[in-house]
Structures are given as C-alpha cells and as structure tokens.
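Please examine the sequence and the three-dimensional model shown below. The explanation that follows is intended to be read alongside them.

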Amino acid sequence: MKQKVLCISGSPRGGGNTDVILASLMRGVEEMGVEAERVFLREFMIQPCTGCERCRKDKTCTRLYDGMHLLYPKILESTGLILGSPTHNYNVTALVKAFIDRLYPFFEFTEDRPRKYSSRLADQGRKAVVFSVSEQDEMGETGFTLEAMGYPLTALGYEVIEDFSITGIFDRGAVRKEVALLNAAFERGRRLAEILLTMG
C-alpha cells in the first residue's frame, strides 16, 4: 500500500487552533515526501450511529447514507491518520464522537457472548497521531479527550505513536504565535512520515 496520511480536524470552528496545529503536522508529513490529505469533519454531514448493527453483516453502514461514505475510502487507502479535537466538556467534540462511532463497520464480531472482536484494519502497519487543544492551562481540564481518540483507534488496529495536548490556547488562531508549538507539531508530522516510510 502506498503510504498516505489522512489528517482530520474535529473542530467546528474554521481556522481555529486545531486547524492550525493540523496544518503544521501535515507540512511535516509532506516534508518527508509522504502524501497527506486534510479533512474537516465540519464539512461533512455525519449522523450518530443508531446501533442497528446492520454493518456487522454488510461490512459498511447501510442504515445511514451521509458523509461517512465519503470518508470510508479515504480511511482504507491511508496507512497514517492524524486526528485532532478541541476539548469540549472534558471530551472530544460531537463531530469527532460521531466519526469514531461510525467506524464500527470495520469491526468483526464472533457470535458467542460476550462477543470477541477484531478489526479489518488491523495488521496493516497503520499508525496514528492524536492531539487536543484546550483553553485551560491544567492538563486535568482536558479530561478524556486524548483517550477518547486513542483508545478506539488502537482497538481498530492503529498504533498511536504520539498523543499530545496543547493547553492554554483559546482565541481563534492564537496558536499561530506559538512558534515552538508549531515547530513541535511539524516534527511530529515528520516522525509519523518517517515511521511509515520505513515500512515500505
């Protein structure tokens, strides 16, 4: 599989700090010659999972036809994933939660109870970086944001090679003034690309 990184912003606010950090990460990926594609979840209509479980048989969501059907192919063709979210009420945004829940079709389940599961994305060398942005300075104020992204991606078969929080930033685009943070994000993007390139 050709190495490609899907870069996803889960912020509902265009041009905000999550978007800015994502752009720095993406530049780092591209600096290494790896293709990167940016996606803003706010531009896609993604409905919440209804729990109908039709996807267990159909291997895709056949209950809802929306923006996820544009994103499923992008996920499949990308060995790398960067996912960022502002912290909303100690967690990811509603956009990110809906996106993650709608990744359920990639799981396979046994018929016993409790069901065992595996992922059709596993054992493919997939790597991920997740990050959060929070207004408050205290790390505790970020709540479960990183875990809410990292745990599901790990279950799906990604190795989360980096997770980081940027705190004390709120005003739209304010992080543009934080050169050290932008450079650190750039280097994290480079590292993700380097790891993917070593896999061929």
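The paragraphs below treat the central sheet, the helices, the aromatic rings and some backbone features in turn.

The model is predicted: local features require pLDDT of at least 70, side-chain atom pairs count only at pLDDT 80 or more, and totals for chains, interfaces and linings use all residues. Residues are numbered from 1 along each chain as its sequence is written, and side-chain values use heavy atoms, with hydrogens and water left out.

Strands of a sheet pair through backbone hydrogen bonds, either parallel or antiparallel. Here, five strands form an open sheet in the order β2-β1-β3-β6-β7, with parallel pairing. Two strands pair if DSSP finds at least two bridges between them. Angles run from 0 to 180 degrees between N-to-C directions, and axes are lines fitted to C-alpha atoms, for helices over the stretch in contact.

Strand β1 has pairings with both β2 and β3. Six bridges join β1 to β2 in parallel, and Val5 has Ala36 of β2 as its bridge partner. Five bridges join β1 to β3, also running parallel, and Ile8 stands opposite Leu83 in β3. How much of β1 is buried? Six of its six residues are buried, where buried means under 20% relative accessible area, exposed means over 50%, and partly exposed lies in between (1.4 Å probe, protein chains only). Both faces are covered, with Lys4, Leu6 and Ile8 buried on one side and Val5, Cys7 and Ser9 buried on the other.

Helix α1 comprises 15 residues, 17–31, and reaches 21 Å from its first C-alpha to its last, close to the expected 21 Å at 1.5 Å a residue; the expected span is 1.5 Å times one less than the number of residues. The helix is mostly covered, as 12 of its 15 residues are buried; among them are Val20, Ile21, Leu22, Leu25 and Met26. Which elements do the buried residues of α1 pack against? They pack against β1 (4–9), β2 (35–40), β3 (80–86), β6 (127–133), β7 (159–166) and α6 (179–198), contact meaning heavy atoms within 4.5 Å. After α1 comes Gly33, whose phi is positive, near 85 degrees. Another helix, α5 (residues 145–156), lies across β3, β6 and β7 and runs at about 165 degrees to β6.

Leu95 belongs to helix α4 (residues 94–101). Because its relative accessibility is 26%, Leu95 counts as partly exposed. Apart from neighbours within four places in sequence, Leu95 is in contact with Gly10, Ser11, Pro12, Leu41 and Arg42.

The aromatic residues come next. A pair of aromatic rings is described by the distance of the centres and the angle of the planes. A search of the whole structure finds seven aromatic pairs. The ring centres of Phe107 and Phe109 are 6.1 Å apart and the planes are at 50 degrees, so this pair is tilted. Rings of Phe, Tyr and Trp (its six-membered ring) pair if their centres lie within 6.5 Å; planes under 30 degrees apart count as stacked, over 60 as edge-to-face and the rest as tilted. Phe107 is buried at 13% relative accessibility, whereas Phe109 is partly exposed at 23%. Ring pairs also link Tyr104, Phe107, Phe109 and Tyr117 into a cluster. The charged end of Arg56 sits over the ring of Phe109, 3.9 Å from its centre; this description requires NZ of Lys or CZ of Arg within 6 Å of the ring centre and within 35 degrees of the ring normal. Arg13 lies over the face of Phe170, at 5.2 Å from the ring centre.

Several backbone features remain. A cis peptide bond, with omega of about -10 degrees, joins Arg113 and Pro114; Pro114 is in the loop between β4 (107–109) and β5 (117–119). Asn89, in the loop between β3 and α4, has a positive phi of about 50 degrees although it is not a glycine.

Note on methods
Helix = DSSP H or I, 4+ residues; strand = E, 2+ residues; numbered from the N terminus.
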